[in-house]
Amino acid sequence: MKIVKNPDKSEWKELLERPASGIMAQIKDRVETVVENVRKGKDAQLLIYEQSFDKAYLKTLDVSQAELDEAASFVPAQLRDAIDRAAVNIRKFHESQLPSIKKVETTPGVTCWQKAVPITKVGLYIPGGTAPLFSTVLMLAIPARTAGCQEIVLCTPPNQEGNVNPAILYAAQVAGVNRIFKLGGAQAIAAMAYGTESVPKVSKIFGPGNPYVTTAKQIVSLKDVAIDMPAGPSEVEVIADAQANPAFVAADLLSQAEHGRDSQVILLTTSAELIDKVQAEVDRQLALLPRNEIARVSLINSRMILLKNDDEIIEMTNEYAPEHLIIQTKNASELAERVVNAGSVFIGPWSPESAGDYASGTNHTLPTSGYAKAYSGVNIDSFMRKITFQELTKEGLRSLGPVIETMAAGEYLDAHKNAVSIRLADIIEN
């Protein structure tokens, strides 16, 4: 990791830049071809792509009921119990977000309210490569089911034998997924966006993926379907002071560095001594990690930055807008209150980011690449739409009508004005 001490503010922008691979621009034309071919060729084209990309020779795309029934037997009991317990916490947290209807009388006789209704059909994409993300099944399907989505479709790539990771299948059943398909990559996104003979068309697509998946999501979102949020490589920022445990800090940095070669981790501190201790711990722990080669590449794009005081730390944090933010300082709660740009915040030495990734209950599908300045992580609202209602009585329209007429006339929209005037005339006559 690069160590930077007391940088001038003019250097901050460059220091906080995310790794830029440029791969999405390079693959855009290829992904567009895949998406268009699936749109036209449907199931037949999907089978061809699964054979080509995932090396899986499939006869059908559906995961069968028999495969679902036997999935649990391939998942160790301890892992099943962990998934079950995590599901309880995730469901409990997201149930707390369910909105209530509140009617407001804005003017006597004028009542307005808002009602949240679930998206009918949603699609979930779950990577299944070197790190099969069964935890993401819980993070997406549980709030979708809690919100009341009627149909939850899940796509995940099969292995070369045509099988789906059993932990993904088990988690999908725990979370309430309706249908599961053996589909990976851009072809899976296209299938859910347009629909095929087997795969239903959905209204919104959720889930992480490689650059091909991300590019496909962006392409289909331009006109055909909604997506959860712009996606990028995973990232974490840790704020720590001289009292922080350097082993904890190093472990938190490495927990994100192992995600992928394009991940980024940042340490902000006012203690030069801590930087030295954390660097030593990173080196020690890194050597023990099975995915250390991935983490080593990620650390090249990462920084340990020494700043003068807490004010600078908070200012830089809000400028960086990290996906995950861990605060290990004596005044952690106080600093957390000053954070306005972050996906999810972990307060204190006993709150590792891994807790949110798996089992505390909060959602781990979060905005990356600085999008936390404008986007929220996945939550109940992500699976709902808000419809507004209003009801005016005669007395309400009599009171508010002249205001509407005046504003409509001011915009030269006479038909708008007339829709009120004709009613006011009827009220007067009767």
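Modeller: Happy to! One term first: contact here means heavy atoms within 4.5 Å. Please keep in mind that this is a predicted model.

Let's start with the open sheet of 5 strands, whose order is β6-β5-β4-β7-β8 and whose pairing is parallel. Its edge strands, each pairing on one side only, are β6 (179-182) and β8 (226-227). At the β8 end, β7 (residues 204-206) and β8 are joined in the parallel sense over 2 bridges, and Lys-204 stands opposite Ala-226 in β8. As background, strands of a sheet pair through backbone hydrogen bonds, either parallel or antiparallel.

Now for the helices. Helix α7 (residues 185-194) lies across β4 (121-125), β5 (151-156) and β7, and runs at about 175 degrees to β4.

Next come helix α5 (residues 134-147) and helix α6 (residues 166-175), whose axes come within 9 Å and cross at roughly 15 degrees. Angles under 35 degrees count as roughly parallel, and α5 and α6 are therefore roughly parallel to each other. The crossing of α5 past α6 is right-handed. On the α5 side, the contact is made by Phe-134, Val-137, Leu-138, Ala-141, Ile-142 and Arg-145; α6 brings Ala-167, Ile-168, Ala-171, Ala-172 and Ala-175. Sorted by type, the residues of this contact are 10 nonpolar, no polar and 1 charged.

A loop residue is worth a stop as well. Thr-365 sits in the loop between α14 (353-358) and β14 (384-392). Its relative accessible area is 10%, and buried means under 20%, so Thr-365 is buried. Setting aside neighbours within four places in sequence, Thr-365 is in contact with Met-139, Leu-140, Asp-228, Met-229, Gly-377 and Val-378.

Finally, let's turn to strand β11 (residues 303-306). β11 pairs in the parallel sense with strand β1 (residues 2-5) over 4 bridges, and 4 bridges also join β11 to strand β10 (residues 264-269), again running parallel. Ile-305 of β11 is the bridge partner of Val-4 and also of Leu-268. In a regular strand the side chains alternate between the two faces of the sheet. Along β11, Arg-303 and Ile-305 point one way while Met-304 and Leu-306 point the other way, and all are buried.

Notes:
Residues numbered from 1 in each chain as written. Predicted model: local features only at pLDDT ≥ 70, side-chain atom pairs only at ≥ 80, totals over all residues. Heavy atoms only, no water. Buried < 20%, exposed > 50% of the residue type's maximum accessible area, 1.4 Å probe, protein only. Pairing = 2+ DSSP bridges. Axes fitted to C-alpha atoms, helices over the stretch in contact; angles between N-to-C directions. Parallel < 35°, antiparallel > 145°, perpendicular 65-115°, else oblique. Left-handed = near helix turned anticlockwise from the far one by under 90°. Nonpolar A, V, L, I, M, F, W, Y, C, P; charged D, E, K, R; others polar.
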